[in-house]
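Please find below some notes for a colleague who is opening this structure for the first time. They are set out as numbered points and may be read beside the display.

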Amino acid sequence: MVSSEAAPYAKTGGLADVVGALPPALRSFGDEVTVLVPRYGSIDLKGARRVYDSLPIYLGPARYDTAVYQAAEGSPFYLLDCPRLYDRKGFYGESGMDYPDNHIRFAVFARAALAAARVLFRTEIFHCHDWQTGPLPAYLRTMFSTDPTFLGAKTLFTIHNLGYQGLFPRSVLPEVALDPSVYRPPGGMEFFGKVSYIKGGIEFADALSTVSPTYAREIQTPEYGFGLDGALRARSEVLTGILNGVDYREWSPDVDPLIPAQFSASDLGGKQLCKEHLVREFGLPPEAMARPLIGIVSRFTPQKGADLIAEVAGQLVAEDLYVVALGTGDPEYEELFLSMAAEHPGRIAVRLGFDNGLAHRIEAGADIYLMPSRYEPCGLNQIYSLRYGTVPVVRATGGLDDTIEEETGFKFAEYSGPALLGAVRAAVEAYTNQEAWRDMMRRGMQKDFSWKASAAAYSALYRRLLGRA
Ligand code: ADP
Ligand code: GLC
């Protein structure tokens, strides 16, 4: 696997959770997986093993010296070290600005993954994730198409988010030593006059997948296709949707060491303590204990529906409920959440930042989890919420639609403030019947979204790709 994120080494969102958990789950199907991730500045090499000293990557005349570390003895995770490119504070940029050399950073990453396969692990399938790895199938099918090392090697490209595409000016092509033929439309990396890294994956990979069945259908429509729906329709025969699993060793209230009190479907007592703790932590008044507490953990981006929440914030708090939100992202959306909190002090409380412990405490302590996404390839937080007895209110799109049912949560269809408000009101109304509410919590807690089924689906796809179905 080739990925720009993998938990616990590098995480901004769900991609990291998936790439962190899927490889170990695949092992039980007999699949041997190694994962390559860039060694960013935040990744400590203490405990890592240097397994390859000098792996020079040439992009035309430019030379990039890389080295490979294994994250720990026996670990499937490997880190690509190239201080000049990755030893920086951010993964993709800093203070809201993308790094100007991202095209080079991820071209070198793709080429280094191919080079590592040559010297370290003989590879049957390159499983690439998101735009950062899109150039890999393009290099493989052009520059290395006759290279005996890769004879018979297949590529799977998994789309976790079509909204991020890696678009660069056409002039970068020679800089990253991509064959000019990869640019040519149709079926190339050209996208409205630019070079699209995600199209490298979409056009050149042997198989495509995305992270829920509904999103696999949605991205083939103009409404959700971000301009790529035509390209995806053209490849619909090799495109499947495999729902993400979740790692219940990390996200389950009966074993979670990061929450103030543990609890389970048969003993909900601890949940009350978690709520008390959360109410205090966010400085909300004690009266909040008797009313629904809504939790939000999110990247603050246009994808996640913050504008809808802002649109109806006043009507929400008029329902006598409370909101706690944790997130970080676009300054514009951070500002939006801060102003909601300022307008409704003691009702809406917001923390800006990335804080895994607090994410767990919100999942555990809130009554309702709100996820009104504009689009959602899969979404993990609503699945975590089910396990923590935190009833999800979601927009019926992508993976949200696939994971939340009438018996476990509340859904709304139209992307609008009133539709969101209607679903929250239904939840608040349901909350007043505490016995029925607890039944709903328990139904959610008993759902099983562990990796087993999803890993089995990936494993079967790998076998099909290799003609061993
Ligand atoms: P996405 O990948 O689109 O961000 P997901 O729901 O798939 O959405 O996954 C988000 C993951 O990132 C979850 O594990 C969530 O807890 C975590 N996360 C998001 N924002 C934060 C934050 N500000 N602090 C801590 N964890 C966060
Ligand atoms: C993306 C999507 C999210 C999905 C995650 C992991 O970041 O936005 O819906 O759960 O990837 O696949």
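**Notes on the ligand site and the cavity**

1. An oxygen atom of ligand 1 lies 2.6 Å from a polar backbone atom of Gly 14, where a polar contact is a pair of N or O atoms within 3.5 Å; within protein, one must be able to donate a hydrogen and the other to accept it, and residues adjacent in sequence count only if both atoms are side-chain atoms. A polar backbone atom of Gly 353 is 2.8 Å from a nitrogen atom of ligand 1, and one of Leu 380 is 2.8 Å from an oxygen atom of ligand 1. Taken alone the ligand exposes 560 Å², of which the protein buries 94% (Shrake-Rupley method, 1.4 Å probe; for residues, only the protein chains shown count as cover).

2. This is a predicted model, in which local features need pLDDT of at least 70 and side-chain atom pairs count only at pLDDT 80 or more, while totals for chains, interfaces and linings use all residues. Residues are numbered from 1 along each chain as its sequence is written, chains are lettered from A and ligands numbered from 1 in the order in which they are written, and side-chain values use heavy atoms, with hydrogens and water left out.

3. There are 23 residues around ligand 1, and Gly 14, Asp 17, Arg 299, Lys 304 and Gly 353 come nearest (near: a heavy atom of the residue within 4 Å). The shell divides into eight nonpolar, nine polar and six charged residues (Ala, Val, Leu, Ile, Met, Phe, Trp, Tyr, Cys and Pro count as nonpolar, Asp, Glu, Lys and Arg as charged, the others, Gly among them, as polar). Strand E14 gives the most to this shell, with three residues (helices, H or I, of at least four residues and strands, E, of at least two are DSSP runs, numbered from the N terminus).

4. Val 18 lies in helix H1 and is buried, with a relative accessible area of 1% (buried: under 20%, with a 1.4 Å probe and protein chains only). Although Val 18 and Trp 451 are 433 residues apart in sequence, their C-alpha atoms are 9.3 Å apart in space.

5. The largest cavity holds about 30 Å³ of space (on a 1 Å grid over the protein atoms alone, a set of points where a 1.4 Å probe fits but cannot get out, with lining residues having an atom within 4 Å of a point; points are joined across faces, edges and corners, and the volume is the space filled by probe spheres set on them). Helix H16 gives the most to its lining, with four residues, and the lining divides into six nonpolar, five polar and no charged residues.

How values were computed. On a 1 Å grid over the protein atoms alone, a cavity is a set of points where a 1.4 Å probe fits but cannot get out, and a pocket is an open set with protein on both sides within 12 Å along at least five of seven lines; lining residues have an atom within 4 Å of a point. Buried means under 20% relative accessible area, exposed over 50%, partly exposed in between (1.4 Å probe, protein chains only).
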